[in-house]
Amino acid sequence: MKQDTGWNPYVAGGLSGLVSILSVWIAGKYLGASTTFVRTAGMIEKQFDADKVAKMEYFLRDVPKIDWQSMVVIGIMIGTFIAAATSGSFRLQALPDMWQERFGPSIRTRAVFAFLGGILAMFGARMADGCPSGHGLSGSLQLSVSGYIALVCFFLGGVISARILYGGGKGK
């Protein structure tokens, strides 16, 4: 198995910035993804009760459909696979090593926590009218003070959560 070298973070960051700029320049749209998940939920719900979805105020504003953000999410999945495959870090794994070391080998426990984390993240994203990474990346691209605040809070929240969950790397 090839050693996990990963991508150079400066190259990856530069490419992300280039994608952000090209998104605005070519499509006139700022990067974001959280609305895609809501629209997808609406498309699924329409299969069961289309009349109800058609009357929901939320879906009058964010119509359940496949749009440019859906293509961004698909592109992220494809790009992630390409990045993992080209760096030699791709592998199928039910549980990340860090999770198993800290919380044990239960796939069910991991699935419950992932599901609850997803609910919490989407609730926050909908309350903020977008995800933190979208606010941070697109907001900082516009030199928005709120974008920089979102970006700082996003990273601080991640660092604090990692320290709480994984103990700050003790014993390594």
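Start by selecting S140: setting aside residues up to four places away in sequence, S140 touches H135, G147, Y148 and L151 (contact means heavy atoms within 4.5 Å). S140 belongs to helix α7; helices here are DSSP runs of H or I with at least four residues, strands are runs of E with at least two, and both are numbered from the N terminus. Is S140 buried or exposed? S140 is buried, because its relative accessible area is 15%. The cut-offs are under 20% for buried, over 50% for exposed and partly exposed in between, with a 1.4 Å probe and protein chains only.

A word on what you're looking at. This is a predicted model, in which local features need pLDDT of at least 70 and side-chain atom pairs count only at pLDDT 80 or more, while totals for chains, interfaces and linings use all residues. Residues are numbered from 1 along each chain as its sequence is written, and side-chain values use heavy atoms, with hydrogens and water left out.

Now zoom out to the whole chain. Along the principal axes, the C-alpha atoms fill a box of roughly 55 × 40 × 30 Å. Of the 172 residues, 20% count as buried. Among contacts with a separation of 6 or more, 52% link residues 24 or more positions apart.

Next, pick W7, V11, L15, L18, I21, L22, W25, I26, Y30 and L141 together. They make a nonpolar surface patch of about 1000 Å². Patch members have over 30% relative accessible area and no salt bridge; nonpolar side chains (Val, Leu, Ile, Met, Phe, Trp, Tyr) are joined within 5 Å, like charges within 9 Å. A salt bridge here is a side-chain nitrogen of Lys or Arg within 4 Å of a carboxyl oxygen of Asp or Glu. Which helix gives the most to this patch? Helix α1 (residues 9–27) does, with 7 residues. An α-helix has 3.6 residues a turn, so residues three or four places apart point the same way. Click L18, found in helix α1: L18 counts as partly exposed because its relative accessibility is 44%.

Move on to S87, in helix α4 (residues 68–87). S87 counts as buried, since its relative accessibility is 5%. Its side chain reaches the backbone oxygen of A84 at 3.3 Å.

Then jump to F123 in helix α6 (residues 107–127). F123 is exposed, with a relative accessible area of 54%. Draw a distance to R102, 21 residues away along the chain, and the two C-alpha atoms are 27 Å apart.

Finish around the last helix. L143 is in the loop between α7 (132–141) and α8, and L143 counts as exposed at 66% relative accessibility. Check the backbone there: phi of L143 is near 60 degrees, a positive value in a residue other than glycine. Helix α8 (residues 145–166) has 22 residues and spans 31 Å from first C-alpha to last, close to the 32 Å expected (1.5 Å times one less than the number of residues). Just after α8, select G167, which has a positive phi of about 70 degrees.

How values were computed:
A polar contact is a pair of N or O atoms within 3.5 Å; within protein, one must be able to donate a hydrogen and the other to accept it, and residues adjacent in sequence count only if both atoms are side-chain atoms. Accessible areas come from the Shrake-Rupley method with a 1.4 Å probe; for residues, only the protein chains shown count as cover.
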